[in-house]
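Reader: Hi! Could you walk me through this one?
Author: Happy to; here it is.

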Amino acid sequence: MALVACPDCGNGVSKNAESCPKCGSPIAELYKRIPPESVNCSECKNDYSFHERKCPHCGLINGKKLRFDNPLEEYKEIYHSSSSGVSKIKESKSRSAAILLAIFFGGIGVHKFYLNKPGQGIIYLLLFWTGIPLIISLIEAIRFLMMSDSSFNTKYC
């Protein structure tokens with residue numbers, strides 16, 4: 001059984017698995033894509049075989065062909081693009097941005113809104129006058145600092 005790295009968490013997963021058991025990222029869709037028989041050149045509009053490196057008519061390397069050479073790039077484009085307004089996977093968040101927001105604006109819950117936790121952010125806003133959210137946010141900033149990037153991405157992205 002051939003294992004591949006999950007594009008989101010890096011966990012070893014079978015190519016035949018539907019999704020990553022660790023983070024739930026879809027795996028089967030990445031490796032079951034079948035490239036087209038021919039590609040239409042974006043420059044001269046002529047068709048040529050998918051297996052040719054560049055267009056025999058004008059010499060241009062076609063972007064459509066290159067997309068199928070790297071399924072991870074296609075995956076990122078499909079699942080992280082929000083052109084339709086709905087993305088299938090949450091956008092990745094920066095751990096360092098979360099740390100800075102928790103330190104400087106944690107008392108009012110800005111880091112919670114950044115991490116897509118608006119309910120908790122509203123609670124921080126309602127209780128900011130007590131000072132409790134400030135203390136909790138400083139503890140969270142330390143927790144974010146101690147986390148590895150992969151565990152932060154697994155939990156918040």
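What follows is a chat about the fold, its helices and its cores.

Reader: Is this predicted or experimental, and what secondary structure does the protein have?
Author: This is a predicted model. The protein has eight helices and four strands.

Reader: Thanks! What pattern do they follow along the sequence?
Author: Along the sequence the pattern reads β-β-α-β-β-α-α-α-α-α-α-α.

Reader: How much of the protein is buried?
Author: Of its 157 residues, 28% are buried. As for the surface, the protein exposes about 10,000 Å², and carbon and sulfur atoms supply 59% of that area.

Reader: And what share of the contacts joins residues at least 24 apart?
Author: That share is 30%, counted among contacts between residues at least 6 apart in sequence.

Reader: Let's talk about cores. Which residues make up the largest nonpolar one?
Author: The largest nonpolar core has nine residues: A98, I99, A102, L115, A141, F144, M147, F152 and Y156. Two or more residues come from each of α4, α7 and α8. The top contributor to this core is α4, with three residues.

Reader: What does I99 touch, leaving aside its neighbours within four places in sequence?
Author: With those set aside, I99 is in contact with A141, F144 and L145. There is also a second, separate core of seven residues, including C6, C9, V13 and I27.

Reader: Back to α4, then. Which of its residues are buried?
Author: In α4 the buried residues are A98, I99, L101 and A102. Looking down the axis of α4, they fall within an arc of 165 degrees, so they line one face of the helix. Packed against the buried residues of α4 are α5, α7 and α8.

Reader: Now α7. How does the distance between its end C-alpha atoms compare with the expected span?
Author: They agree: helix α7 has 15 residues (132–146), so at 1.5 Å a residue it should span 21 Å, and its end C-alpha atoms are 22 Å apart. The expected span counts one less than the number of residues.

Reader: Nice, and which α7 residues are buried?
Author: P133, S137, E140, A141 and F144 are buried in α7. Viewed down the axis of α7, the buried residues lie within an arc of 110 degrees, so they line one face of the helix.

Reader: What covers them?
Author: The cover over the buried residues of α7 includes α4 (95–105), α5 (110–114), α6 (118–127) and α8 (149–156).

Reader: Last one: which exposed residues sit on the face of α7 turned away from its buried side?
Author: That face carries I135, I139, I142, L145 and M146, which are exposed.

Notes: Residues are numbered from 1 along each chain as its sequence is written. This is a predicted model: local features need pLDDT of at least 70, side-chain atom pairs count only at pLDDT 80 or more; totals for chains, interfaces and linings use all residues. Side-chain values use heavy atoms; hydrogens and water are left out. Buried means under 20% relative accessible area, exposed over 50%, partly exposed in between (1.4 Å probe, protein chains only). The arc is that of the directions from the helix axis to the C-beta atoms. Contact means heavy atoms within 4.5 Å. Accessible areas come from the Shrake-Rupley method with a 1.4 Å probe; for residues, only the protein chains shown count as cover. A nonpolar core is a set of buried Ala, Val, Leu, Ile, Met, Phe, Trp, Tyr and Cys residues joined through side-chain atoms within 4.5 Å.
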